[in-house]
Protein chains: 4
Amino acid sequence: MFTLKGAYTPIATPFENGKIAYDKLEKNLEFWLSSKLEGIVVMGSNGEFVSLLQEEKEELIRFCCEKAVGRKKVIIGTGSNCFEETLKLGELAAENKADAVLVVTPFYYKGAMKDKVLENYFTKLADISPLPVVLYNMPGNTGVNTSSALLSALSRHPNIVGVKDTSGNITQISETIKNCDPSFSVFAGNWSFLMPSLLMGAKGATLALGNVAPNECAELIELIAQNKLEEARQLVFRLMPVNAAITARYGVGGLKFAMDSLGLFGGEPRLPLMSPDKAGREDILQILKTAELLK
Amino acid sequence: MFTLKGAYTPIATPFENGKIAYDKLEKNLEFWLSSKLEGIVVMGSNGEFVSLLQEEKEELIRFCCEKAVGRKKVIIGTGSNCFEETLKLGELAAENKADAVLVVTPFYYKGAMKDKVLENYFTKLADISPLPVVLYNMPGNTGVNTSSALLSALSRHPNIVGVKDTSGNITQISETIKNCDPSFSVFAGNWSFLMPSLLMGAKGATLALGNVAPNECAELIELIAQNKLEEARQLVFRLMPVNAAITARYGVGGLKFAMDSLGLFGGEPRLPLMSPDKAGREDILQILKTAELLK
Amino acid sequence: MFTLKGAYTPIATPFENGKIAYDKLEKNLEFWLSSKLEGIVVMGSNGEFVSLLQEEKEELIRFCCEKAVGRKKVIIGTGSNCFEETLKLGELAAENKADAVLVVTPFYYKGAMKDKVLENYFTKLADISPLPVVLYNMPGNTGVNTSSALLSALSRHPNIVGVKDTSGNITQISETIKNCDPSFSVFAGNWSFLMPSLLMGAKGATLALGNVAPNECAELIELIAQNKLEEARQLVFRLMPVNAAITARYGVGGLKFAMDSLGLFGGEPRLPLMSPDKAGREDILQILKTAELLK
Amino acid sequence: MFTLKGAYTPIATPFENGKIAYDKLEKNLEFWLSSKLEGIVVMGSNGEFVSLLQEEKEELIRFCCEKAVGRKKVIIGTGSNCFEETLKLGELAAENKADAVLVVTPFYYKGAMKDKVLENYFTKLADISPLPVVLYNMPGNTGVNTSSALLSALSRHPNIVGVKDTSGNITQISETIKNCDPSFSVFAGNWSFLMPSLLMGAKGATLALGNVAPNECAELIELIAQNKLEEARQLVFRLMPVNAAITARYGVGGLKFAMDSLGLFGGEPRLPLMSPDKAGREDILQILKTAELLK
């Protein structure tokens, strides 16, 4: 029985010469798998899942499951606007013994994505998904928000085990925690609101920051479990500029440059994303130094 | 020296026969002034400040200061799109010995309200304001947001003592707390994100909920000061539906109906606002009972 | 019987030493009143109505009506978030023989401004307004939009004669023209979508551009009445950059600088608005030259 | 040399038993190919392109090109968030002798989609695309808008031949027409703003309405070419409610139900989209009758 808790990171997908660079990915994985993280998310937003061909997605699932299953929890991002693809990838994830699937809200026909439509969609999916479903609310990228009323309804489905909420709307996150089934886990989707989410009752998080600072992510969760709030706040504040740089300000290109700077392999993101320019790179280096991630 | 901290409520302005009902207001004030609140805000959003004539605003300032100064802290909402009016009301507030002014971001020319423009505006205002200035960030009503970078710059002004942030954006609130001058207080603008704001370092709040549950508002702040997090969470969750009903769902009309139901005088809001319809009133009564505010 | 048609301009309000500069305004008025405009709007968005004290508004109504009534149609912007103020100013406009009032959608409690609430508001207003009411839909500034369904319902009220729609949403404008009472006039609120609005059936416009190019505004309407579409398009395209500069890009400060450049008195806007900086002023001058408004 | 002009329809993709129903599609195609349309768009928004597996997309391209090339112009929607997929589908479209590709703005990483990033993306794409590229600006679905400044820059690329603009922002459409290279065609993306777009200089349109009323779409363009504006307006107004029903109000599910009602095969959309409920279906039938499309 899978329980969604603790710190995960949505791992970056490294590219070289237009292809997924599996040798580089293997080294990166070794770093994450030997960290204090609870698990990894393959093909999240920071994994550029939307930029992968279907066959690349399948190959990536197989590779990551082979390396990581048994060492850490593995969640596969199978969401897409194509229900058929989501089903196919979910089956493959199950065959490869992943722990759960992360399914982003379908997001192309925004005007039509009413609660009733999303409830129908996720219910049908969860009814047939061989793996437990984690909902993925990412309004910044999708332009669609799953309300706490909808999440509360979906939380009663036995095969829906949690939500990664990246809205940053702490009111909604609190209402969701209050109203959802007790077995349902709320996950924060960003370091910037992880501490308040945990304090309101969230069970963990999926954090871009975990790519470069996995142990600190796990430590924050521990500090809060121990009610060491002042220490926790200091840790949050110290890494807040790093987190802002690799998410809101410079995005995946910034995250990958930070990875390169810290001895991992980041490389360039796929189009349309771009690497930060010279000024951006210098800004990131300075931020990493100030936060003492880079000596 | 005024320090912005603790629980305030933005008091509702009661109307009868098209005029401010001062006799009713006096009774309501007695309730708030004998509560555990730190202070009151006169002419906040829940006070329908935008619906008052200039002469009514002046009269209301005099009346409230006369009743409340010395018993509780008194902050006067003097913000408006008219700088001249804000200055005039600020002088009157000072003459009547109010403690501070609350100044909402000017909001009509939204496209022009860049950080540079707002920094110029608030700096000029604070330079000449006889009372300490509390900034009021209320994007839900104004459509303008004051960024944490702007707030950080303004926090260095000796006559700007804090911000009431009603954005509900806990990332922004956290960044503001981290980056602002230590003497600058961040206030949460709504019960729904008060607890997480306090835990990140906010000093208090201005809460519509304080109109009907002033002691509970003060108690939450005490519980968190004592690190009693589980008790605090239970209190937050118990009153969350009441708070949602009198703010997001039914607005000022809902707040006033709740006041009527609880032995205060609410009455009807001014146009364009309306009282809740029959179904809404029944919903509110049920919510008040479930929360044990109404027996 | 007042009919809303033709080209109006929302006149700028000139300030000097913190007060309305009536001598400068008088000269500006002479320019507009001897143009081909159908009329003027006093205290529109470009007249900075939100930045005027109530007593200034009253004085300005008296002054402009005295100078302009009988020479041009005069519409007074009486809208505000304060219903009582809107009523008072409307009575004063009637006493001073203005032709109509322009009433902006109330805009502070955005979340509450549902169609039902706005229909109640405008109906109550129109029931008692001594002058015909022109609705003012300005979502860019107010954050509230009046739907074509709402406009259609309100168009049946005998004392509501039209709408100035500044949404720029030509679908909505077309639906409004199709669905509203035939006696109801739709006005475009900006040069940038005037031509298409007229071609779909709008009766005229209220145009910031009319402050500096009043005859061209009237001429466009004539060209379209004569079905001279190619000439019309050339005129639209020639002045499009000027219009963008004095509205979307540099706002009221830009409009006032353009007025100064063209021999009118613009001066500085009131806070929070600011004049364009040096680069902006040079940009505007170049644009005025390219459009052959400035030699 | 391909020139983008006239009326196209983005054809619906029919499904039966979870697969593309090619027999039904063939009959539908016969209807469109014998109409006055200039061409068809395969895999536009109304073709549910985001809901198709990669292999289904490839099959659909082959099928439609085989049936339609030579009879009508054929544009293939190859856009997606995956650049690699867009390239692959574009090569296949070229092999199958389609006329052009329609490429929607990449839309997942909204915050990163600045003009510079989009210019880089579309330039790289157009540099290697074997077929002429038509840009697809669809902010309602993507949450990303391509500014007229960006479109103007891209219009200089010899392999970018036009834009389908579904923003409905007539100011932007006018500015784009004014500023783009003369060889570049602007297409309106919806019946609701087609007439004003044509009058400002657009060359044609891609219209969901063309699925059910292809000849009327072509006729409107003819009427405007003949300067028969009153007739054109009557036609626009007659079909406006039908258009609203099958796009904004009931979406693809509504379009497909209307197709079923009119003797074509619509069927059910794929998840997450749903067919209209009973009240919606009755509404659509009534609208079709009022517009005299259904007897």
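Helices (H or I, at least four residues) and strands (E, at least two) are DSSP runs, numbered from the N terminus. With that in hand, let's look at a strand, a helix and the interfaces between chains.

## About the model

This is a predicted model, in which local features need pLDDT of at least 70, side-chain atom pairs count only at pLDDT 80 or more, and totals for chains, interfaces and linings use all residues. Residues are numbered from 1 along each chain as its sequence is written, chains are lettered from A and ligands numbered from 1 in the order in which they are written, and side-chain values use heavy atoms, with hydrogens and water left out.

## A strand and a helix in chain D

D:Thr206 belongs to strand β10 (residues 204-206) of chain D. Its relative accessibility is 4%, so D:Thr206 counts as buried (under 20% relative accessible area; exposed is over 50% and partly exposed in between, with a 1.4 Å probe and protein chains only). Setting aside neighbours within four places in sequence, D:Thr206 has contacts (heavy atoms within 4.5 Å) that include D:Tyr8, D:Val41, D:Lys164 and D:Phe187.

Helix α11 (residues 251-261) of chain D has 10 of its 11 residues buried, so the rest of the structure largely encloses it. Among the buried residues of α11(D) are D:Leu255, D:Phe257 and D:Met259. The cover over them includes β2 (15-16), α1 (22-33), α10 (229-249) and α12 (278-290) of chain D. Just after α11(D) comes D:Gly263, with a positive phi of about 90 degrees.

## Where chain A meets chain D

Chain A and chain D each bring 39 residues to their contact. About 3500 Å² is buried between them, with carbon and sulfur atoms giving 67%; buried area is the accessible area (1.4 Å probe) that two parts lose on being put together, summed over both. On the chain A side, A:Tyr108, A:Tyr109 and A:Leu271 lose the most area to chain D, together 24% of what that side buries.

The interface of chain A and chain D has 4 salt bridges (a side-chain nitrogen of Lys or Arg within 4 Å of a carboxyl oxygen of Asp or Glu). D:Glu84 and A:Arg270 form a salt bridge, with their closest N and O atoms 3.9 Å apart. The elements of chain A that give two or more residues to this side are α2 (54-68), α3 (83-95), α4 (115-128) and α5 (139-142).

## Where chain A meets chain B

Here 22 residues of chain A are in contact with 22 residues of chain B. The two chains bury about 1900 Å² between them, 71% of it on carbon and sulfur atoms. A:Lys178, A:Met200 and A:Phe237 supply 29% of the area that chain A buries against chain B, more than any other three residues. Between these two chains the count is 0 salt bridges. On the chain A side, α7 (170-179), α8 (194-200) and α10 (229-249) give two or more residues, and α10(A) gives the most, with 7 residues.

## How the copies are arranged

A rotation of 180 degrees with 0.0 Å of shift along its axis superposes chain A on chain B (RMSD 0.0 Å), which is the relation of a two-fold axis. In chain A, A:Pro196 comes closest to the rotation axis, at 2.4 Å (C-alpha). The copies meet through the same surface, because 100% of the interface residues of chain A are also interface residues in chain B.

No contact joins chain A and chain C, whose closest C-alpha atoms lie 17 Å apart. Chain B and chain D also have no contact, and their closest C-alpha atoms lie 17 Å apart.

Methods: Copies are superposed by least squares on the C-alpha atoms of residues with pLDDT of at least 70 in both.
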